[in-house]
Amino acid sequence: MKKILVLTVSDSASRGERVDVSGPLIAEILKQKAPELSTSIELRIVSDEIDEIKNALILAVDSEYFDLILTTGGTGASPRDFCPEATASVFDREMPGIAEFLRYIGGKHTPFAYLSRAKSGIRKQTLIVNFPGNPKAIRESLEPALPLFAHCLSMLASVKEHTS
């Protein structure tokens, strides 16, 4: 069973000023397109504060043992977009190809995808990937990336088995 956390990074959603659409959309796509990955999905929201994002990620990996964490939001050029910096600070190893792939897929639909500063990497045995907060961008890029996630999670699970 894979445990997945979808972490929405949004000041306004964390304050209850707007409804989070992106997190539930990611969960729905996972359930529909990758049921083998999405046996347990939890949704959370944090504000776009570096320490809050870092703490949420560290807790999810180190204490709650999620296999996959997909963040959404906070990856653009806005002065309040801190998700890539916070996420990268918790990685043991970066997996830049995944973020590059997401930009490439998004770039097929709009050149604005290349403005994303999203990161991807591994902390312990957990894959962490930043997604944009835009629902259209999520719809365009999440499904093509699912085979990458499945393969990486399989590799990480085999490492877990050898170290247990």
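The model is predicted.

**Stop 1: the sheet.** Show the strands. Six of them, 6 strands in an open sheet, follow the order β2-β1-β3-β6-β5-β4. The pairing is mixed.

**Stop 2: the edges.** Select residues 40-46, strand β2, and residues 93-94, strand β4. Each has a single partner strand, so one side of each is left without a neighbour in the sheet.

**Stop 3: a parallel pair.** Move to β3, residues 68-72, and β6, residues 126-131. These two strands run parallel, joined by 5 bridges. Pick T72 and look across: F131 in β6 stands opposite.

**Stop 4: helix α2.** Now select residues 22-33. This is helix α2, and it packs on the sheet. Its contacts are with β1 (3-9), β2, β3 and β6. Compare directions: α2 makes an angle of about 165° with β2.

**Stop 5: helix α5.** Select residues 96-107. Helix α5 lies across β4, β5 (120-123) and β6. Relative to β6, helix α5 runs at about 30°.

**Stop 6: the cysteines.** How many disulfides does a search of the whole structure find? The search finds 0. Select C83: its nearest cysteine sulfur belongs to C152 and is 18 Å away. A disulfide needs the two sulfur atoms within 2.5 Å, so C83 is in no disulfide. Go to C152, which is in no disulfide either.

Notes. Residues numbered from 1 in each chain as written. Predicted model: local features only at pLDDT ≥ 70, side-chain atom pairs only at ≥ 80, totals over all residues. Heavy atoms only, no water. Pairing = 2+ DSSP bridges. Helix = DSSP H or I, 4+ residues; strand = E, 2+ residues; numbered from the N terminus. Contact = heavy atoms within 4.5 Å. Axes fitted to C-alpha atoms, helices over the stretch in contact; angles between N-to-C directions.
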